[in-house]
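Morning, everyone. Please have a look at the model on the screen, and then I'll walk you through a few points.

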Amino acid sequence: MARGKRRKISQVSMDLTPMIDVVFQLIIFFILTMTITTLTVKKVELPIAETAVEEDTEADAYMVHLYNASAVGGPQGGAANLNPDGWHIALPNQEMEYRTVQELSDPLTQVAEDYNNRTGELSELGLSKMILLIRGDMRCPSHYFSVVLQACIAAKIQKIRVSIKPPRNN
Amino acid sequence: MPRKKPRKAEAVEFDLTPMIDVTFQLLIFFIVVMKFKQIEQTQAADLPTDSGFAMPTDAPQEAIITLRLKWQNEIMVYDVCVDTAASGRAQINAGTLTQLMQGRDARDGYKRSFDELVAGIHKVYNLMGKQAKKLEISYNEHNTGATSLEAPELTAPWGFVTLAMDAATQVNMDIEEQTGDPEKKLSVVFKYTQPQGNVKVAGS
């Protein structure tokens, strides 16, 4: 019987060049799209609106949150939590929880004055040109919106914007 | 003199393995730290340019449409009316906050309430002969968290106030489109009743 030929095991080599190319493409994509920001935005369930416009106010707007740290997010936790103890008004870079007009008026007045001194701009009626952006959770008692309005009047802040999210398309 | 040997060109090889390792490290870093930003838009709610609050009787009652937010037993009912009895009214049941937020798509519950509220405001506006000048969004400001026995109408969730603002904006857009005159738009004010019974009005 003829002795069977031994099969030579052939080596398989992979060309990794395309993989390296794709990886570099991904890295360049991430580097170009990345924006480094500090976390001043709190997680809130924004209200929905049909008619809102996309305004570039975030860059210089003063952000005020109507916030509850223990509120569960999303539709699953959507039941209104009207216990006022959990909800409060939060200002940027401040730990204090504001609940009344008296507490909120002074810091807002200070912020408006700092803005006026920095920009040197005032409206004809002596009102600040600072934009105040309210990022309110849709479950928050609207009483706190009234508190912010009254504090803005005391601080002579006239321009107010309300942050919303557009409805998702079907 | 001995002849010099010609130098043989040597092949230089790079080991790319460390470079691939670093590249993957970078890639994993970017994937882990990346967070997608939620799309946000804004609505204007500018305050009046005159000083302080306006008295509730600032304008003739015939020219004011009142949009009352009645929040009771966790259900929102919008009551669109004019204080003079001659004009009609419209009531829109917007349901619970959960209904507003839930659904296969949050837009379903919101769009229905939004369309009904816009239609209700238009109905009252037309019944007034299109002479209204102001739209008051009126809500209670109870902040005590009391039970329904002590404060049957607690303050409405913020999501329903923004729905009212949204409907007011749509009505103004419709009026401007129909008349071609921006001066005909309704000025929107917020009117809220405090626990002490004081009524205050603020708005653009």
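Predicted model: local features only at pLDDT ≥ 70, side-chain atom pairs only at ≥ 80, totals over all residues.

Residues are numbered from 1 along each chain as its sequence is written, while chains are lettered from A and ligands numbered from 1 in the order in which they are written.

Chain B, then. How many helices and strands does chain B have? There are 4 helices and 7 strands. Both are DSSP runs, numbered from the N terminus: helices are H or I with at least four residues, strands are E with at least two. Along the sequence, the pattern reads α-β-β-β-β-α-α-β-α-β-β.

Chain B has 204 residues, and 30% of them count as buried. Buried means 20 or more other C-beta atoms within 10 Å of the residue's own; exposed means 12 or fewer; partly exposed is in between, with C-beta atoms placed from the backbone.

Now contacts: two residues touch in this sense if their C-beta atoms, placed from the backbone, lie within 7 Å. In chain B, among contacts between residues at least 6 apart in sequence, 61% join residues at least 24 apart.

Over to chain A. A:Asn93 is not a glycine, yet its phi is positive, about 55°. A:Asn93 sits in the loop between strand S2 (88-90) and helix H2 (101-119). Is A:Asn93 buried or exposed? Exposed, because A:Asn93 has 7 other C-beta atoms within 10 Å.

Next, A:Lys156. Its phi is also positive, about 60°, and A:Lys156 is not a glycine. Its loop runs between helix H3 (143-154) and strand S4 (157-164). A:Lys156 is buried, because 20 other C-beta atoms lie within 10 Å.
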